[in-house]
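Please read the following with the sequence and the model open side by side. The walk begins at a single contact and widens from there to the chain as a whole.

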Amino acid sequence: MRIEEMLAYNKQFVEGKEYEAFKTDNIPNKRMVIVTCMDTRLVELLPKALNIHNGDVKMLKNAGAIIRDPFDSIMKGILVAIYELQAEEVAIIGHHDCGMSHVETEVFTQKMRKKGITPETLQTLENAGIDLHEEFRGFKTVEESVQHSVSIVRNHPLLPENISVHGFVIDPGTGKVDVVTLDK
Ligand SMILES: [Zn+2]
């Protein structure tokens with residue numbers, strides 16, 4: 001199992017005191033929160049492309065860098081970073097070629113069925129008011145999606161006035177970052 005390899009590596013990492021190069025505290029040096037996508041291509045590329053090191057920013061991720069509603073977990077993370085951890089700037093960074101663009105929710109639920117989720121379960125969720133098509137909806141263009149997420153943050157009733165909220169799109173091939181919207 002891959003997890004066993006990881007745990008064996010971890011033992012060496014700690015014994016070799018490799019953590020010493022990463023020592024920092026929980027206050028972001030750059031006073032910034034970044035919201036981005038869980039895409040594997042961005043794991044190292046995004047921090048390198050923006051010169052971000054351990055301790056520099058709070059990083060929140062989900063599928064698509066999407067903020068769906070004003071009290072979803074990403075938005076709560078942003079508010080905690082602001083009120084508890086001294087963040088003053090928010091950057092939402094979508095990316096080209098994102099798996100969440102053009103998600104076919106019909107196909108997505110078919111895949112659930114193939115993996116053994118029963119129609120009864122899907123029906124029970126629907127009866128409980130959980131709209132899977134809405135929950136897993138993707139986006140048509142990444143710029144539009146970033147702009148929408150930025151608006152949710154900018155217009156949030158609990159966002160203090162001194163917070164800047166920006167939107168960007170990163171190229172997962174080159175690391176090039178383009179501006180969608182810059183605040184103040
Ligand atoms: Zn993505």
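Aspartate 183 counts as buried, at 16% relative accessibility, where buried stands for under 20% relative accessible area, exposed for over 50%, and partly exposed for what lies in between, with a 1.4 Å probe and protein chains only. This aspartate forms a salt bridge with arginine 154, the closest N and O atoms being 3.7 Å apart; a salt bridge here is a side-chain nitrogen of Lys or Arg within 4 Å of a carboxyl oxygen of Asp or Glu. The two residues belong to distant parts of the chain, 29 residues apart, with arginine 154 in helix α7 and aspartate 183 in the segment after β5 (177-181). Arginine 154 is partly exposed, with a relative accessible area of 29%. Helices (H or I, at least four residues) and strands (E, at least two) are DSSP runs, numbered from the N terminus.

The model is a predicted one, in which local features need pLDDT of at least 70 and side-chain atom pairs count only at pLDDT 80 or more, while totals for chains, interfaces and linings use all residues. Residues are numbered from 1 along each chain as its sequence is written, and side-chain values use heavy atoms, with hydrogens and water left out.

The structure holds eight salt bridges, and another of them joins lysine 30 to aspartate 56, with the closest N and O atoms 3.8 Å apart. This pair also links distant parts of the chain, since lysine 30 is in the loop between α1 and β1 and aspartate 56 is in the loop between α2 (42-49) and β2, 26 residues apart. Lysine 30 is partly exposed at a relative accessible area of 37%, whereas aspartate 56, at 8% relative accessibility, counts as buried.

Aspartate 97 forms a salt bridge with arginine 41, and here the closest N and O atoms are 2.8 Å apart. Aspartate 97 sits in the loop between β3 (89-95) and α4 (105-114), and arginine 41 in the loop between β1 and α2, 56 residues apart. Aspartate 97 is exposed, with a relative accessible area of 58%, and arginine 41 is partly exposed, with a relative accessible area of 33%. Together with Asp39, these residues, Arg41 and Asp97, are linked in a network of salt bridges.

Two residues deserve a look for their backbone angles. Most residues other than glycine have a negative phi, and most peptide bonds are trans. Arginine 31 has a phi near 50°, a positive value in a residue other than glycine, and its place is in the loop between α1 and β1 (32-37). Alanine 65 likewise has a positive phi, of about 55°, although it is not a glycine, and is found in the loop between β2 (57-62) and α3 (73-85). Arginine 31 is partly exposed, with a relative accessible area of 28%, but alanine 65 counts as buried at 1% relative accessibility.

Which residues lie nearest the centre of the largest pocket? They are Ile66, Arg68, Arg137, Gly138 and His148, out of 14 residues that line it. A pocket is, on a 1 Å grid over the protein atoms alone, an open set of points where a 1.4 Å probe fits, with protein on both sides within 12 Å along at least five of seven lines, and lining residues have an atom within 4 Å of a point. The elements that give two or more residues to this lining are α6 (132-135) and α7 (142-154), and the largest share, three residues, comes from α7.

At the other end of the sequence, methionine 6 is found in helix α1 (residues 2-15) and is exposed, with a relative accessible area of 56%.

Seen as a whole, the chain has seven helices and five strands, which follow the pattern α-β-α-β-α-β-α-α-α-α-β-β along the sequence. The chain is divided into domain 1 (24-94 + 141-184) and domain 2 (104-137), with bounds that come from an automatic or database domain assignment. The C-alpha centres of domain 1 and domain 2 lie 29 Å apart. Along its principal axes the C-alpha trace spans about 50 × 45 × 35 Å, and of the 184 residues of the chain, 35% count as buried.
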